[in-house]
Amino acid sequence: MPQQVTVTEHILLHQKMVPGATGQFTRLFNELVLSAKIITRAVTKAGLVDILGFTGDVNIQGEEVKKLDDYANRILIHRLARSGVLCAMASEENADIIEVPESLPRGDYIIIFDPLDGSSNIDVNVNIGTIFSILKRKSDPQGPLMSSDVLQKGSEQVAAGYILYGSSTMLVFTSGDGVHGFTLDPSVGEFLLSHPNIRIPEQGKIYSVNEGYERYWDRDTKKALDYFKSPKNALHKPYSGRYIGSLVADIHRNLLYGGIFMYPADLRDPKKPTGKLRLTCECNPMAFIVEQAGGLATDGANRILDIEPDHLHQRVPFFCGSLNDVRVVQDIFNAERRKKSR
Ligand code: FBP
């Protein structure tokens, strides 16, 4: 009978290796895991209860809010605030930083999350997910919380991960010591280790991008797409195109099979000149996971994890996946910059 390791056991084992670990991280993760189970229950019976469709509100992103997105957001804020180890949270759905009320015990951790990613797929039963990024407060805990505590570079993350609500519910995360995947066994209600030490193949064979926006891309992005679609690439045959439209699902597939996910900047909306995806709650956690699995993540010019966020809902172009594939994109963008600098 294979050894069944729960996510809490895994974290406790890992914690033993962290000097001065206090157990705070485990408590935070326990609330994340409980939230994931509550959200899974709602997702799996969404068609049977009044939780599909819109709430009628519009969020800070200018998007109509989905009922299930709003439900997941409220569950996460409620549970995480009761972990006793957070001083602040931030959500893709909330305009501002969410401070933990003084009436509740607090700690030095900060969590930023996208409560339900892939909102365009919620009502059609296609894989969606929750994405999270965990940071440690930098400013004096006795003093006021600073925005710089939340707006830290991705390289400062102490942990990051996602929960994928699909044919099974999976929790995939890193705390800087490799990437590990756990599958929820509904019969015991536990996330059990199913994918230890995930490594993304260096050479990919899949490209994931919404080609419907190609006409709005710059020349370099078009050149990159041509590379993946032409037989004159490292594979000597076109890559396979796969695009689910849920970042979590597209990254998860590429993490296991090898490939590149791209959400480039485009000229569709002058209000969003740098693409759609949010640096703090989507790109940073995915970049940390993919880099810990042996891949790369860039905005074309910079390593995503080196970008200093200037505001909570900042959007960046995102190219993420297998080492060789992302390097091709970097080379194309660098070549153009070198030409311009001459
Ligand atoms: P949400 O967090 O609002 O769902 O937005 C992000 C997202 O849905 C990603 O999951 C996905 O990769 C992308 O937007 C799809 O965007 P598009 O429909 O423009 O291809």
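Mentor: What follows is a short talk about a predicted model.

Trainee: Which residues come nearest to the ligand?

Mentor: There are 17 residues around the ligand, and D117, G118, Y243, L247 and Y263 come nearest.

Trainee: How far is D117 from an oxygen atom of the ligand, and which part of D117 is involved?

Mentor: A polar atom in the side chain of D117 lies 2.8 Å from a ligand oxygen. For G118 it is a backbone N or O atom that lies 2.8 Å from an oxygen atom of the ligand, while K276 places a side-chain N or O atom 2.9 Å from a ligand oxygen. The ligand taken alone exposes 470 Å², of which the protein buries 93%.

Trainee: Changing topic, which residues make the nonpolar surface patch?

Mentor: V124, V126 and I244 make that patch, which covers about 200 Å². I244 sits in the loop between strand 12 (240–241) and helix 6 (247–257). With a relative accessible area of 31%, I244 is partly exposed, and it can be counted in a patch because the cut-off for patch residues is over 30%.

Trainee: And N125, where is that, and is it buried or exposed?

Mentor: N125 belongs to the loop between strand 5 (109–117) and strand 6 (128–136), and it is exposed, with a relative accessible area of 74%. Its phi is near 60°, a positive value in a residue other than glycine.

Trainee: What about phi in N197?

Mentor: N197 is not a glycine either, yet it has a positive phi of about 45°. This residue is found in the loop between strand 10 (190–195) and strand 11 (206–208), and with a relative accessible area of 46% it is partly exposed.

Trainee: Okay, helices now. What does L256 touch?

Mentor: Leaving aside residues up to four places away in sequence, L256 touches H195, I198 and P201. L256 lies in helix 6 and is partly exposed, its relative accessible area being 35%. Between the C-alpha atoms of L256 and L279, which are 23 residues apart along the chain, the separation is 23 Å.

Trainee: How many residues of helix 7 are buried?

Mentor: Helix 7, residues 279–292, is mostly covered, with 12 of its 14 residues buried; among them are L279, C281, C283, M286 and F288. Just after helix 7 comes G294, which takes a positive phi of about 100°.

Definitions and conventions
Residues numbered from 1 in each chain as written. Predicted model: local features only at pLDDT ≥ 70, side-chain atom pairs only at ≥ 80, totals over all residues. Heavy atoms only, no water. Patch = residues over 30% accessible without salt bridge, like charges linked within 9 Å, V, L, I, M, F, W, Y side chains within 5 Å. Areas by Shrake-Rupley, 256 points an atom, 1.4 Å probe, with all protein chains shown as cover. Salt bridge = Lys/Arg side-chain N within 4 Å of Asp/Glu carboxyl O. Helix = DSSP H or I, 4+ residues; strand = E, 2+ residues; numbered from the N terminus. Buried < 20%, exposed > 50% of the residue type's maximum accessible area, 1.4 Å probe, protein only. Near = heavy atom within 4 Å. Polar contact = N/O pair within 3.5 Å; in protein donor to acceptor, adjacent residues only side chain to side chain. Contact = heavy atoms within 4.5 Å.
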